[in-house]
Amino acid sequence: MLGALTLLLLFQLAGEVIVQFFALPVPGPVIGMALLFAALVARDGVPDNLRSTANNLLQHLSLLFVPAGVGVMVHLARLGDEWPAIVGALVASTFVTLGVTGLVLCAFLKRGKSQP
Amino acid sequence: MAPRLTEIWVYLAASPLLGLTLTLLSYQGAYWLYQRSGMNPTANPVAIAVAIIVALLTLTGTSYATYFDGAQFVHFLLGPATVALAVPLYAQLPRLRRMFGPALLALAIGSLTAIVSAIAVGWALGASQPTLMSLAPKSVTTPIAMGIAEKIGGLPSLTAVLVVTTGILGAIGAQWLFRLLRVKDEAVQGFAIGVAAHGIGTARAFQISETMGAFAALAMGLNGLATALLLPILVTAWGGP
């Protein structure tokens, strides 16, 4: 548990260093994820302790968004003024994106299968 | 007795312990409700937990900054959790190899759709410029979206709220939409959820199946990269700030 958590933090740290060094527009943890993925491919397997720690952490992934969500209380005035535009944009854009991405990927996969 | 209680409250309200405990308790209460509802997507645990906490903070007159002193420890774990997504992703490696090309194309189209539709609908309904710029990165995970919003002239803390709302909407509505559109492949469903509804959608996808969760995690990571690269360019081209 401790070793695996340290490993995750080390990869995150490596990601942060790369982002700062190359002035990338991407956050460090995403680069950290890519690095860990590459390391797992190179190693050809996941160590047991890393697998169990990752599963524990990801099991309650949604908990980690709660503090940011509570930030809604700071923006109540703006939301009160602009709520029709905000709600409209969020609902329409989320569903359109879900639908378009799903249908497009389905179509591409089908075409790939029919002409091997 | 009452003055003593006030003293204790003043002490506790200033320490991070209360914000942290409140976050964990509210989430577990919300998760219990979610389970009791038979994992009904409309009983989204993030939405319920946020509602409980906002109500309690408002009732006790506690500021968000004071609350966040404690809650930041939970918020911090988003970083290592994002890195940990590499593990379920690795488990899908053989499948990933097979659909790599189509997935990248779908990512590009999905990412653009998310940005353009959010700005277009917001603009048509009369949202202000800072609100539009805060809406634009709403489909990518919180830390990325906040970074992008800052760069393009949005309000990072508003973006965080819009991102969480988007995730909740996606987690609630995705299964229903896929049934309607007859999208049945779990990998495809997961990928679309990851592009449109980032980590909260991914958390929901993991509860349905490991495959769906892993593809959601993949799409979420890729869309984070794609949006971080595309959006500043689009905004500059549009003649933004």
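## Overall size of chain B

Chain B of this predicted model has 241 residues and a radius of gyration of 19 Å. A compact globule with 241 residues would have a radius of gyration near 18 Å, so the value for chain B agrees. The C-alpha trace of chain B spans about 70 × 45 × 30 Å along its principal axes.

## Helices and domains of chain B

What elements make up chain B? There are 13 helices and zero strands. From the N terminus on, the order is therefore simple to write: α-α-α-α-α-α-α-α-α-α-α-α-α.

Chain B is divided into two stretches. Domain 1 covers residues 2–76, and domain 2 covers residues 82–238. Their C-alpha centres lie 27 Å apart. Six residues from domain 1 of chain B and eight residues from domain 2 of chain B form the contact. The side of domain 1 of chain B that touches domain 2 of chain B has four nonpolar and two polar residues, but no charged residues.

## A helix pair in chain B

Look at helix α2 (residues 16–36) and helix α4 (residues 64–76) of chain B. They pack at an angle of about 60°, and their axes are 7 Å apart. Angles of 65 to 115 degrees count as roughly perpendicular, and those under 35 degrees as roughly parallel. α2(B) and α4(B) are therefore oblique to each other. The crossing of α2(B) past α4(B) is right-handed.

Which residues of α2(B) and α4(B) make the contact? From α2(B) come B:Pro16, B:Leu17, B:Leu18, B:Gly19, B:Leu20 and B:Thr23. From α4(B) come B:Thr66, B:Tyr67, B:Phe68, B:Asp69, B:Gly70, B:Ala71, B:Phe73 and B:Val74. By class, the residues of this contact of α2(B) with α4(B) are nine nonpolar, four polar and one charged.

## Where chain A meets chain B

In the contact between the chains, 64 residues of chain A touch 94 residues of chain B. On the chain A side, the elements that give two or more residues are α1 (2–22), α2 (28–43), α3 (48–59), α4 (66–70) and α5 (76–114). Which of them gives the most? α5(A) does, with 27 residues. The side of chain A that touches chain B divides into 47 nonpolar, 14 polar and three charged residues.

## Domains of chain A

The domain assignment of chain A gives domain 1 (1–59) and domain 2 (66–116). The C-alpha centres of these domains of chain A lie 27 Å apart.

Conventions:
Residues numbered from 1 in each chain as written. Chains lettered and ligands numbered in written order. Predicted model: local features only at pLDDT ≥ 70, side-chain atom pairs only at ≥ 80, totals over all residues. Contact = placed C-beta atoms within 7 Å. Helix = DSSP H or I, 4+ residues; strand = E, 2+ residues; numbered from the N terminus. Nonpolar A, V, L, I, M, F, W, Y, C, P; charged D, E, K, R; others polar. Axes fitted to C-alpha atoms, helices over the stretch in contact; angles between N-to-C directions. Parallel < 35°, antiparallel > 145°, perpendicular 65-115°, else oblique. Left-handed = near helix turned anticlockwise from the far one by under 90°. Domains from an automatic or database assignment. Rg over C-alpha atoms; globule rule 2.2 N^0.38 Å.
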